[in-house]
Amino acid sequence: MSIVTVQLGQCGNQVGQELFSVLISDSLEAQRQCRGEPGRAYRDCSLERFFREHNEASYARAVLVDMEPKVITHAVATAAKSSTWKYEDGSYFCQKQGSGNNWANGFCVHGPRHEEAVSDLIRRQVERCDRLAGILTMMSVAGGTGSGMGTYITQCLRDSYPHSFILNQLTWPYGTGEVIVQNYNSVLTLSHLYQWSDAILVHENDTVHKICAKLMNIKHISFCDVNKIIAHQLGSMLQPADTVGTLGHYTRNPVGELLKNLVCHSEYKLLSLSTIPQMSSSSLAYSSFTWPGLLKHLRQMLVANARMEEGIDWQVRVPLNGQPALERMAEKTKQGFNKSLANVLILRGKDVSGADPEAFLHPGLYSSWLPAGTAFSTWRSPVPFNGYEKSATLVSNSQSLLKPLDNIVGKAWNMFASKAYVHQYTKFGISEEDFLDSFTALEQVISSYRHL
Amino acid sequence: MTQSIIVQVGQCGNQVGCRFWDLALREHAHINTKGVYDEALSSFFRNAVLIDMEEGVVNEILQGPLRDVFDSTQLVTDVSGSGNNWAVGHKVYGPACRDHVVEKVRRAAEHCDSLQCFFLIHSMGGGTGSGLGTHVLSLLEDEFPEVCRIVTSVYPSAEDDVITSPYNSVLAMRELTEHADCVLPVENQSLVDIINKIQQMAHSGKPSQVIRKESTLISGRGGVGGTEKPFDAMNNIIANLLLNLTSSARFEGSLNMDLNEIAMNLVPFPRLHYLVSSLTPLYTLADVNIPVRRLDQMFTDAFSKDHQLIQADPKHSLYLACALVVRGNVQVSDLRRNIERLKPSLSFVSWNQEGWKTSLCSVPPVGHSHSLLALANNTCVKPTFTELRDRFMKLYRKKAHLHHYLHVGGMEHACFSEAVTSLSSLIEEYDQLESTKSLLWSDAPRLQVAT
């Protein structure tokens, strides 16, 4: 089964291009890394999932959308240069006029205006799949095209493909600002996407930047470095894995399984990703890992809401069961404990069947209304991913995004209270009422996660 | 590729515009020899409309080395000039050549695949640039309402040689407040100070401080034009401002910024759209090694009052928003590091504590390895406007020279009083925001939802 990716705006297109690079290099390496049937099956499954083989070339199953041509041109050229894959001719849609960082412009003007053309392109990609596993959209929330038009396109996809899975990958901007109205754009995007998306997978530039600085030891971090990390994390989630325990048989329905395990309630759709280990390739040669070590760190990363394996607070503990509900909550927030609704652990590499994720089944990790057995699943693949002999990825539906989301809504609300910049949105058709509705919707989400 | 149309009005507007086209061609010729970006050359720069009510300046352009860039379909001229009288420019020439102007602009717009922005260049102190220029501005709003209008206005200094320049400026300001999306005010005095600084550097004679002549902000060397004329140095600075502003729309980078994004991010309230600009570096030292310290120095300089293009000190006033347009080999980590470093010394309005709009363009300007343009929406424009209003009132109270204006059909005392009221209320709005600077602001109470 195949996944169709829709790359929207500058961020979506830049990250998307890195993602496909990682996917193809990993797939082609698979046979070398893991001899025999499992390696071959992995490669075939991965290529089928993300690429279309035609005339001896691999074409990404992707649609590129942007309101100005520079980024798409660059992405297409970079892909073609790699000689292992390319973007299909005629799979991109581009205009000359940008969206001006204005969500209202993207959603109310560009979206409807170009709906037909973009839907056409997506439909063509979908038709080329034997079976559609799901649609992945990639965009940022700070700008105008990715956020505004991306939200509109998601709504159209929901209407056109009511039974397909739609996974939105969002990149949240640096807290200290890339775009001044980023908080408005983020609030409007998230509140609307919540209605139409099946799950929202979030990457924060701040977090990834720290990973680059601390773990990868990059001195002058560029967006390219940030994008590569995001691509690595996404790849580790999307590449073939076995969900039932028979190694070598990779699930044909990755997105569906992911959603089934993680998004059991429509109020809780925010997912975050952590991978371990993450280090520069030069350090990698000198390191070796054990599964118990990796899993112990990853579990504490989950518990203490640390997004990377350096600087984990080992003092934070899982609270004991049996305490009265209210008390339990206060203690948790004091301790900084991160409660999960559901987790999927994906293990890749050598001796993966020997890895024991028992510790992730502790009921204290999860909310009370789902038994730990249902809330937690493990997927495995014997093929090492992207140069890491052993790697573990945790896809988590938990409180880890609560604080960043709260910050964004808080800042946007402050700005809204002064009515700053609101005229820029009203002139394209987003009224103050619409803003209030969005704020209300997100306060509801925040409240739900806080009381998990 | 989005296009913009440059509308140059009056003597000042046309002279600055000329320098702009000259430097732009130089920049693209420089890039082109490396054979990298071809399309940027043809598409962005085809579009200019030159307007003047006396022929001297425009004729000079048409006979000069830039004659191949322009042709007669782009000109609107007349013979007698506006006599430094805003009323003549606005109320007489305005309606008279309106159709002409609309026709030329439409023709230029048709050449564009996708028109994003109008750049209007003019001065405030005279008659044509000020009066006719603002008339053209409202005309552009009527005919092309969705296209952004960015105006570069040269404000008169206190010792301006035109006595009625305060009248002209205040009357024009009202139009700018109502009809422009963004205004970049420039003061001649600041330009002169910058030139002096550069020349001081150039003649300092210290061996480690030898600067590359063609890299200075004021140099037109290497451009199409031949010898340099008197106001050229000052006009080059403004031309560089426009070049840097449009760089992200013309060249690629890791974080692009289009022109409509400037208006979107820097204008929180419709009338408060006056942006203070500063350009660094002023020159490049001949020594090629650029340690990181130099890069940081560039950021620090952008906020110092010596680099601003108007006589203002943004560091000690309140920021509503700030944009940093970076060109050259600068990465996002350098940008963030510098923002972190500079933030504590700047005050931002309470609801926009992280009010930074950033853009990274990978192509640096000619002669530099990197450059920075900072645009600030800052309450430091208040003193400039207050002084302007004071100079206006000095004349108006005595009714000096008023008869020249009132003679013109359509002008009445009301025009004057409305203009000064508009300016006063603008100053008042900036004042109100500034007064929040030292207040401790608590977060607005959030919406409560049922749990």
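The model is predicted, so local features are given only at pLDDT of at least 70 and side-chain atom pairs only at 80 or more, while totals for chains, interfaces and linings use all residues. Residues are numbered from 1 along each chain as its sequence is written, chains are lettered from A in the order in which they are written, and side-chain values use heavy atoms, leaving out hydrogens and water.

**Confidence and chain B**

The model scores ipTM 0.81 and pTM 0.87. Chain B has a mean pLDDT of 84, with 86% of its residues at 70 or more; pLDDT is the predictor's confidence in each residue, from 0 to 100.

Chain B holds 15 helices and eleven strands, which are DSSP runs (helices H or I, at least four residues; strands E, at least two) numbered from the N terminus. Of its 451 residues, 61% are buried, where buried means under 20% relative accessible area with a 1.4 Å probe, counting protein chains only. Among contacts in chain B with a separation of 6 or more, 85% join residues 24 or more positions apart; a contact means heavy atoms within 4.5 Å.

Helix α10 of chain B spans residues 259–266, and eight of its eight residues are buried. They include L259(B), I262(B) and M264(B).

**Nonpolar cores**

A nonpolar core is a set of buried Ala, Val, Leu, Ile, Met, Phe, Trp, Tyr and Cys residues joined through side-chain atoms within 4.5 Å. The largest has 215 residues, and Y425(A), I51(B) and F385(B) touch the most other members. Leaving aside residues up to four places away in sequence, I51(B) touches V7(B), V76(B) and L132(B), among others. A second, separate core of 86 residues includes F50(A) and W85(A).

**Where the parts meet**

An automatic or database assignment divides chain A into domain 1 (2–272), domain 2 (281–399) and domain 3 (403–450). The centres of domains 1 and 2 of chain A, taken over C-alpha atoms, lie 25 Å apart. Buried area in the table is the accessible area (1.4 Å probe) that two parts lose on being put together, summed over both.

| Pair | Residues in contact | Buried area | On carbon and sulfur |
|---|---|---|---|
| Chain B and chain A | 52 and 51 residues | about 4300 Å² | 52% |

On the chain B side, M264(B), R446(B) and L447(B) lose the most area to chain A, together 18% of what that side buries. M264(B) is also one of the buried residues of α10(B).

Conventions. Buried means under 20% relative accessible area, exposed over 50%, partly exposed in between (1.4 Å probe, protein chains only).
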